[in-house]
Amino acid sequence: LFGYVGIEAVLDQMKIKTMKTGFEFNIMVVGQSGLGKSTMVNTLFKSKVSRKASQPSQEERIPKTVQLQSITHVIEEKGVKMKLTVTDTPGFGDQINNENCWDPIIKYINEQYERYLREEILITRKRKIPDTRVHGCVYFVPPTGHWLRPLDLEFMRRLSKIVNVVPVIAKADTLTLEERAEFKQRIQEDLKTHAISVYPQEDFDQDPDDRALNDRIREKIPFAVVGADQEHQVNGKRVLGRKTKWGIIEVENPAHCEFPLLRDLLIRSHLQDLKDITHNVHYESYRVRRLNESNR
Ligand code: GDP
Ligand code: MG
């Protein structure tokens with residue numbers, strides 16, 4: 001029995017614990033108005049994430065922050081409850097002067113760190129601190145096919161310092177496949193030139209396996225997504241899609257767009273990693289900053 005730690009039993013315990021407590025996962029959508037953010041929120045909830053739920057997901061609204069709006073669904077799968085909250089933000093970019101348009105969003109993100117911090121420094125802490133911190137921020141890039149606009153660069157630069165930013169090319173159905181590929185490359189170059197580190201950040205790869213996996217994802221970022229909240233009948237099956245004169249763009253069909261890649265990254269393959277980086281990196285730097293301030 002030497003060296004036997006009963007890892008199976010430990011894993012079982014961890015699983016049971018998660019099943020009992022469930023977990024929270026928070027996403028935010030950001031970008032200029034009209035790029036399909038609100039539609040994407042619905043797409044996420046209507047797509048397989050929640051259709052797979054064994055129970056009709058219960059809907060609840062958490063109090064509105066002045067302008068931002070959060071929608072929470074409790075998704076239950078195999079006995080585990082996931083509280084998925086998506087925060088929709090009002091668009092910006094309509095004004096002639098877009099200066100400081102990021103302020104309300106940055107403020108919201110920091111407020112959630114602050115809330116968590118306040119709970120954490122209490123003498124009697126809750127066993128489980130409610131987590132409203134933004135684990136992933138999906139940034140919508142307009143499908144111009146050119147380069148990133150100074151506004152988007154500046155916004156993402158600021159965001160990437162405090163949160164995991166996942167850029168996407170919005171309304172990708174308005175670009176040809178070649179345009180999508182070229183635009184994607186340009187955006188990647190732009191981000192590199194401006195030293196904007198989007199998720200999954202190279203600095204945080206844990207080991208060579210992790211690096212290899214994330215390298216494959218980094219090649220595909222930003223995902224070219226299409227959103228839809230209507231279902232249509234295609235070959236006898238109901239699919240989520242956009243009906244056009246030329247046919248139906250199926251948002252969950254990987255041959256049509258990269259929404260499935262976005263969903264899988266967020267909700268499946270990298271969910272825990274997004275939470276870990278939020279806690280260990282972004283929240284940590286907020287915490288250090290705040291505690292230094294108050295010690296002065
Ligand atoms: P928001 O201002 O970013 O929240 O954008 P909305 O979700 O309100 O969408 C604005 C308009 O764009 C609506 O008419 C949507 O139907 C449309 N729209 C949303 N997503 C897409 C998309 O992926 N492709 C196209 N072509 N139109 C979209
Ligand atoms: Mg909207």
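Colleague: What should I know about the ground rules before I start?

Modeller: The model is predicted, so local features need pLDDT of at least 70 and side-chain atom pairs count only at pLDDT 80 or more, while totals for chains, interfaces and linings use all residues. Residues are numbered from 1 along each chain as its sequence is written, chains are lettered from A and ligands numbered from 1 in the order in which they are written, and side-chain values use heavy atoms, with hydrogens and water left out.

Colleague: Let's start with the rings. How many aromatic pairs are there?

Modeller: The general idea: rings of Phe, Tyr and Trp (its six-membered ring) pair if their centres lie within 6.5 Å; planes under 30 degrees apart count as stacked, over 60 as edge-to-face and the rest as tilted. By that rule you get 5 aromatic pairs. Take Trp 102 and Phe 155: the ring centres are 5.8 Å apart and the planes meet at 80°, so this pair is edge-to-face.

Colleague: Which parts of the chain does that pair link?

Modeller: Distant ones. Trp 102 is in the loop between strand 4 (80-88) and helix 4 (103-120), Phe 155 is in helix 5 (residues 150-160), and the two are 53 residues apart. Helices (H or I, at least four residues) and strands (E, at least two) are DSSP runs, numbered from the N terminus.

Colleague: Is Trp 102 buried or exposed?

Modeller: The scale goes like this: buried means under 20% relative accessible area, exposed over 50%, partly exposed in between (1.4 Å probe, protein chains only). Trp 102 comes out at 8% relative accessibility, so it counts as buried. Phe 155 is buried too. Cys 101 sits in that loop between strand 4 and helix 4 as well, and is buried with a relative accessible area of 14%. For contrast, look at Glu 219 in helix 7 (residues 208-220): its relative accessible area is 58%, so it is exposed.

Colleague: Which residues make up the aromatic cluster?

Modeller: Tyr 113, Tyr 116, Tyr 283 and Tyr 286 form one cluster. A charge sits over a ring if NZ of Lys or CZ of Arg is within 6 Å of the ring centre and within 35 degrees of the ring normal. The charged end of Arg 133 does that to Tyr 116, at 3.6 Å from the ring centre. Arg 133 also lies over the face of Tyr 283, 4.9 Å from the centre of that ring.

Colleague: On to the ligand. How many residues surround ligand 1?

Modeller: A residue is near a molecule if one of its heavy atoms lies within 4 Å of it. Ligand 1 has 13 such residues around it, the closest being Gly 34, Lys 37, Ser 38, Thr 39 and Asp 173. Helix 2 (residues 37-46) gives the most to this shell, with 3 residues.

Colleague: Which side chains make polar contacts with ligand 1?

Modeller: A polar contact is a pair of N or O atoms within 3.5 Å. Ser 38 has a polar side-chain atom 2.9 Å from an oxygen atom of ligand 1. For Lys 171, an N or O atom in the side chain is 3.1 Å from a ligand oxygen atom. Arg 242 places a polar side-chain atom 3.1 Å from a nitrogen atom of ligand 1.

Colleague: Now the backbone. What stands out about phi of Lys 171?

Modeller: As a general point, most residues other than glycine have a negative phi, and most peptide bonds are trans. Lys 171 has a positive phi, near 45°. You'll find Lys 171 in the loop between strand 6 (165-169) and helix 6, and at 38% relative accessibility it counts as partly exposed. Asn 235 also has a positive phi, near 45°. Asn 235 lies in the loop between strand 8 (231-234) and strand 9 (237-244), and is exposed at 76% relative accessibility.

Colleague: And where are the cis peptide bonds?

Modeller: One joins Tyr 199 and Pro 200, with omega about -10°; Pro 200 is in the loop between helix 6 (177-193) and helix 7. Another runs from Ile 221 to Pro 222, with omega near 0°. Pro 222 is in the loop between helix 7 and strand 7 (223-224).

Definitions and conventions. Polar contact = N/O pair within 3.5 Å; in protein donor to acceptor, adjacent residues only side chain to side chain.
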